[in-house]
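Morning, everyone. I'll walk through one model today, starting with how the elements are assigned. Here it is.

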Amino acid sequence: MQPRKTDLARTALQAHRAPLDMRQRRLLILCDGQRSIADLTGLMGQEAPAMVIQLIQGGYLETGPVAEAAPPLTPETTQRVAPPPAPAVPAPVAAPAPVERRRSLVSARIYLLGILEMQRHPQAAALFRDLQQARAETEVLRVLQAALQVLPGMTSEGYCQRVRQRLLEALPMEHCDAFAATA
């Protein structure tokens with residue numbers, strides 16, 4: 001099953017006023033008719049299948065075959081016409097070499113700001129504000145560590161582990177040991 005957006009979903013994504021939370025909006029963006037439920041689960045976590053069902057029930061996603069509009073029949077189109085030639089199969093393209101992501105305190109900070117912004121909790125809002133206002137490197141690191149310690153009380157353990165892993169991928173190597181020790 002490869003869910004795809006309905007017209008209602010496209011309107012909701014453009015209007016920014018639909019009764020959708022940030023995770024539902026993110027899932028709608030990812031549902032392009034090309035990704036399977038397994039792909040979406042890998043990207044969004046174990047709650048993705050339940051969210052897909054909710055969005056289908058809400059009319060935001062559909063899973064049936066794509067309905068292609070047939071041209072109207074006219075006397076000219078009812079005559080037998082030769083089928084169009086098969087499209088040429090493109091030559092396989094070599095996959096690009098994996099790009100090593102640049103690690104920086106700025107990217108780690110931006111990532112965790114996004115995570116805190118999605119949480120609907122007063123502590124997350126306070127940490128978001130603190131992280132946004134932190135200027136010194138030590139202050140940024142202190143707030144990042146505080147957020148990782150508070151996050152398990154706001155979300156599931158699996159989600160916290162994914163956040164911690166992504167943060168370790170973004171942090172400069174010299175700071176990773178300090179964060180791995182707080183795990």
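Helices (H or I, at least four residues) and strands (E, at least two) are DSSP runs, numbered from the N terminus. By that rule R4 sits in strand β1, residues 4–5.

Ground rules next. This is a predicted model, where local features need pLDDT of at least 70, side-chain atom pairs count only at pLDDT 80 or more, and totals for chains, interfaces and linings use all residues. Residues are numbered from 1 along each chain as its sequence is written, and side-chain values use heavy atoms, with hydrogens and water left out.

The overall layout: nine helices and two strands. In sequence order, the pattern is β-α-α-α-α-β-α-α-α-α-α.

Back to R4. Buried means under 20% relative accessible area, exposed over 50%, partly exposed in between (1.4 Å probe, protein chains only). R4 counts as buried because its relative accessibility is 15%. Of the protein's 183 residues, 34% count as buried.

Now the cores. A nonpolar core is a set of buried Ala, Val, Leu, Ile, Met, Phe, Trp, Tyr and Cys residues joined through side-chain atoms within 4.5 Å. The largest has 29 residues, and L112, L116, L131, L144, L171 and F179 have the most contacts inside it. Two or more residues come from each of α5 (105–118), α6 (122–133), α7 (137–150), α8 (157–170) and α9 (173–181). α5 gives the most, seven.

Which residues does L171 contact, leaving aside neighbours within four places in sequence? Contact means heavy atoms within 4.5 Å. The partners are R103, S104, L105, A108, L141, L144, C176 and F179.

A second, separate core has 17 residues, including L27, M44, M51 and Y60.
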